[in-house]
Amino acid sequence: MTIHQAIASPGCGCDRWDMLHPLISIDEALTLIAADATPVGRTEAMSLDSAFGRILTQPVRSRSMAPSFDNAAMDGYAIGTSALTGLGPWALRVVARVPAGQDSATVLEGTSAARIFTGAPIPKGADSVVMQEDVVRDGDVIHLSRRPVAGQNIRVAGSDMAKGATVLDMGRKLGPREIAACAAAGAGILRVRRRLRVALLVTGDEVRRAGGAREAAQIWDVNTPMLTASLARAGIEIVASAQGADNLSGLVHQLGVMAAQADLVITTGGISVGEEDHVKPAVMALGGETLFSGVTIKPGKPVTLGRIGKAHWLGLPGNPVSAFVTFQVFGTALIRSLTGEATGTPTRRHVVTATEIRRKPGRCELRPATLAGFDPHGREIAHFEDATHSARVGLLPLADGLMFLPADADNLSAGALVEFQPFCQS
């Protein structure tokens with residue numbers, strides 16, 4: 001495959017301090033998140049049956065070999081190949097039947113065979129399993145026309161896992177594949193990190209519950225259900241969810257209560273510089289601190305990271321697409337750091353643009369895009385809208401992830417190579 005140079009500067013071109021000082025780049029923000037957000041401390045023992053989605057805090061090691069004995073990989077006949085002399089065909093007498101789960105004391109000698117089933121232990125004297133379709137059976141005798149190979153269709157003891165081998169390292173998130181490996185290793189009890197406690201506060205006087213009654217100047221709440229769904233994973237507990245008060249004193253009280261019971265407080269809206277933006281002043285009134293406030297991106301420039309007491313605080317913009325995009329980029333990375341997930345920052349890869357892009361330079365643009373096949377060079381092709389609108393959510397279900405358009409690029413031709421980050425799946 002031809003290797004192409006990405007059209008991107010370091011940090012996706014977002015680090016144009018000469019343009020937007022003192023905003024920071026995406027990669028600088030992610031570096032600050034990784035440096036500041038250490039995993040929550042307490043761990044707990046959990047049964048394998050309940051551990052899906054949790055993060056390991058101790059390595060998982062195999063308690064025995066896997067498989068623990070030589071066994072048949074399919075239904076057939078166990079034989080000793082050394083007994084097959086001459087050119088064949090060969091006739092072997094069936095002297096035993098070995099089902100799975102039954103310990104076999106059968107010993108095969110000379111021209112004999114054992115009927116065997118998948119998973120059953122290999123009898124002594126046998127070194128091959130001939131699949132049943134390759135034999136002709138006549139009463140207690142089987143006839144072979146082809147010489148089997150020693151070792152065929154046998155799962156050798158320890159071929160999957162050696163005793164004491166590390167199957168999973170700490171920091172691994174337990175999905176179906178990891179659960180399967182733990183079970184095969186005999187790990188019935190796992191040591192995992194406790195669930196991350198998250199509080200959610202959505203601001204806006206105009207916001208009303210989705211589908212409920214609303215007046216002419218009011219809107220349905222998108223951010224609460226969207227972020228609740230984004231946080232719906234086994235390693236997270238939402239300890240509080242509320243609509244923010246419309247005044248500074250009310251927000252101070254709400255944020256103070258939330259920070260006292262949560263590891264992470266997520267807010268939406270109220271982080272710009274308008275007269276009605278009270279979230280930052282409320283955080284400061286509580287003695288909070290800000291690690292960064294504003295990133296050179298579109299949409300979502302006001303995104304903020306800080307602390308309120310011992311709790312981390314992630315301030316997302318109020319517009320739904322901006323909130324969704326910034327949560328995907330920064331919220332996901334923050335949660336992975338706080339839960340100790342070893343995979344860290346979501347991985348980006350390169351895709352090519354389906355059509356030409358003309359845009360205003362200055363900020364790295366994160367544009368929802370849909371993957372649609374491959375070009376002649378085997379590169380994924382991304383389709384997208386002509387512009388990013390921070391309040392239009394109707395097309396989000398069609399998108400597969402975010403394209404990162406470099407800050408200094410005002411024109412990208414069709415087929416330009418850009419970074420792409422798939423949407424995080426809980």
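Predicted model: local features only at pLDDT ≥ 70, side-chain atom pairs only at ≥ 80, totals over all residues.
Residues are numbered from 1 along each chain as its sequence is written, and side-chain values use heavy atoms, with hydrogens and water left out.

**View 1. An open sheet of six strands, β16-β13-β17-β21-β20-β18.** The strand and helix names come from DSSP runs, numbered from the N terminus: helices are H or I runs of at least four residues, and strands are E runs of at least two. Two strands pair if DSSP finds at least two bridges between them. Pairing in this sheet is mixed. At its edges are β16 (236-243) and β18 (289-293), and each of these pairs on one side only. From one strand to the next, the twist averages 20°; angles here run from 0 to 180 degrees between N-to-C directions, with axes taken as lines fitted to C-alpha atoms, for helices over the stretch in contact. Look for β20 (residues 304-308) beside β21 (residues 311-316): the two run antiparallel and are joined by five bridges. Across that pair, R307 stands opposite H312 in β21.

**View 2. Helices α2 and α5 on the sheet.** Contact means heavy atoms within 4.5 Å. Helix α2 (residues 26-36) packs on the sheet and touches β18, β20 and β21. The direction of α2 makes about 150° with that of β18. Helix α5 (residues 248-261) packs on the sheet as well, touching β13 (196-202), β16, β17 (264-268), β20 and β21. Its direction makes about 165° with that of β13.

**View 3. T203 in the loop between β13 and β14 (207-208).** Why does T203 count as buried? T203 has a relative accessible area of 15%, and buried means under 20%, exposed over 50%, and partly exposed in between (1.4 Å probe, protein chains only). The side chain of T203 reaches the backbone oxygen of T268 at 2.7 Å. That is a polar contact, meaning a pair of N or O atoms within 3.5 Å; within protein, one must be able to donate a hydrogen and the other to accept it, and residues adjacent in sequence count only if both atoms are side-chain atoms. Setting aside neighbours within four places in sequence, T203 is in contact with G244, L251, T268, G269, G270 and V279.

**View 4. Another open sheet of six strands, β7-β4-β6-β5-β9-β8.** The pairing is mixed here too. At the edges stand β7 (128-131) and β8 (136-138); each has a single partner strand, so one side of each is left without a neighbour in the sheet. Ignoring direction, neighbouring strands are turned by 40° against each other on average. Inside this sheet, β5 (residues 90-98) and β6 (residues 112-116) run parallel, joined by five bridges. R93 has S112 in β6 as its bridge partner.

**View 5. Helix α7 (residues 320-339) and its bend.** At F327, α7 bends by about 45°; the bend at a residue is the angle between axes fitted to the seven residues ending there and the seven starting there. The helix is mostly covered, with 20 of its 20 residues buried. Just after α7 comes G340, with a positive phi of about 75°.

**View 6. Strand β26 (residues 401-405) and its partners β24 and β28.** Five of the five residues of β26 are buried. β26 pairs with β24 (residues 364-374) in the antiparallel sense over five bridges, and L366 stands opposite F404 in β26. β26 also pairs with β28 (residues 417-422), again antiparallel, over four bridges. There, F404 has E419 in β28 as its bridge partner.

**View 7. Backbone details at P67, P299 and N153.** Most residues other than glycine have a negative phi, and most peptide bonds are trans. A66 and P67 are joined by a cis peptide bond, with omega about -10°; P67 is in the loop between β2 (60-61) and β3 (71-72). The bond from K298 to P299 is also cis, with omega near -5°, and P299 lies in the loop between β19 (297-298) and β20. N153 is not a glycine, yet it has a positive phi of about 60°. At 22% relative accessibility, N153 counts as partly exposed.
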